[in-house]
Amino acid sequence: MTRAPRLTLALTAATIMVAANVLVATTADAADDPSVPPGTEASATTPVEVDANDPDLKLPEGATLAEAKVLDIKQVVEDQAGEERREDTNADVKFALQAEVLFPKDSAKLTGEAKARIASIAEEIGKQNATRIRVFGFTDNLGSSAHGDVLSRKRANAVQGVLESELDDSSVTYEVRGYGEQYPISSNETESGRKKNRRVEVSFPRSDG
C-alpha cells in the first residue's frame, strides 16, 4: 500500500490552513489600512503544528524533493552615524532617513542638506525606472499619538514634494502616508532607539535589468 496519497492530502490540508490564516490576517489589516510599510505585512499568528515524526510526512519510496528555490535576500547598508539606511531585496529598494537629518525638531520644514539627500534618492529611482513610489513617515512614541500621526504625514509629504520636483515625471505615482509611532524599528526606551524610529522611508520596485 502506497502512502503517497496520504502525504499529498496531509500537505494540502496544511497548506490550506496556512493560506486561510494568512488571508484572514491580511484581510483584517486591509480593512483598517490598505497599505503598510514594506516588511511589516501581516502574517499567520498561529503556525500549524507539525509532528516531525509523523510517518505521513516522510517521502514515500521512490519520491524526490521539489526543485530548489532561491529565496529573497535582503542587503542592508547603513552609514556610520545611522542617519541613512538602504535595504535592497530582489524586488524592492528602500531608503530610510532619520528625521534629524531632514527636519528641525518637531518640524516638517526640510533643511538644505535634506534636499540634497532626497535628490540622490530620486537619482536612484531614475536608475531603476521606478514609477510607483511609497513615502512613509514615522515618529517615536513621545508626545501624543495624534500629533505623531500628523507630523509624520507632513514630513512624508515634504519628502514626496522634493522627489516629484526632481523626477518631473507625470507617469510616476506616489503613495504617501504618516504612521506616527506605529512600526518602530528600534526600542523607544532609549533616545538612540527613538532617534532611529523618527524617520522617513522611501521605497520602490527594482528594475529587472
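**Cut-offs at work in a predicted model**

Q: How do you know that the side chain of Asp-140 reaches the backbone nitrogen of Leu-142?
A: The two come to 3.0 Å, and a polar contact is a pair of N or O atoms within 3.5 Å (within protein, one must be able to donate a hydrogen and the other to accept it, and residues adjacent in sequence count only if both atoms are side-chain atoms). So 3.0 Å falls inside the limit. The model is predicted, so local features need pLDDT of at least 70 and side-chain atom pairs need 80 or more, while totals for chains, interfaces and linings use all residues. Residues are numbered from 1 along each chain as its sequence is written, and side-chain values use heavy atoms, with hydrogens and water left out.

Q: What else does the side chain of Asp-140 make a polar contact with?
A: The side chain of Arg-198, at 2.6 Å. Contact here means heavy atoms within 4.5 Å.

Q: Why is Asp-140 called buried?
A: Its relative accessibility is 7%, and buried means under 20% relative accessible area, exposed over 50%, partly exposed in between (1.4 Å probe, protein chains only). Asp-140 therefore qualifies as buried, although its place is in a loop, the one between β4 and α3. Those labels are DSSP runs numbered from the N terminus: helices are H or I with at least four residues, strands E with at least two.

Q: Is Ser-107 buried or exposed, and how do you know?
A: Buried, because its relative accessible area is 17%. Ser-107 sits in the loop between β3 (92-98) and α2. A polar atom of its side chain lies 3.0 Å from the backbone nitrogen of Lys-109. Not counting residues up to four places away, Ser-107 touches Leu-151 and Arg-155.

Q: What makes Val-172 count as buried?
A: A relative accessibility of 9%. This residue of the loop between α3 and β5 is in contact with Ala-130, Thr-131 and Ile-133, setting aside neighbours within four places. Ala-130 is 42 residues away along the chain, yet the two C-alpha atoms are separated by 7.5 Å.

Q: Why are α2 and α3 called oblique?
A: Their axes cross at roughly 55° and come within 9 Å. Axes are lines fitted to C-alpha atoms, for helices over the stretch in contact, with angles from 0 to 180 degrees between N-to-C directions. Under 35 degrees would be roughly parallel, over 145 roughly antiparallel, 65 to 115 roughly perpendicular, and the rest is oblique. That rest is where this pair lands, so α2 and α3 are oblique to each other.

Q: Which residues make that contact?
A: Among them are Ile-118, Ala-122 and Ile-125 of α2 and Val-159, Val-162 and Leu-163 of α3.

Q: What is phi in Asn-129 and in Tyr-183?
A: About 55° in Asn-129, a positive value although it is not a glycine. Tyr-183, also other than glycine, has a positive phi near 55°. Most residues other than glycine have a negative phi.
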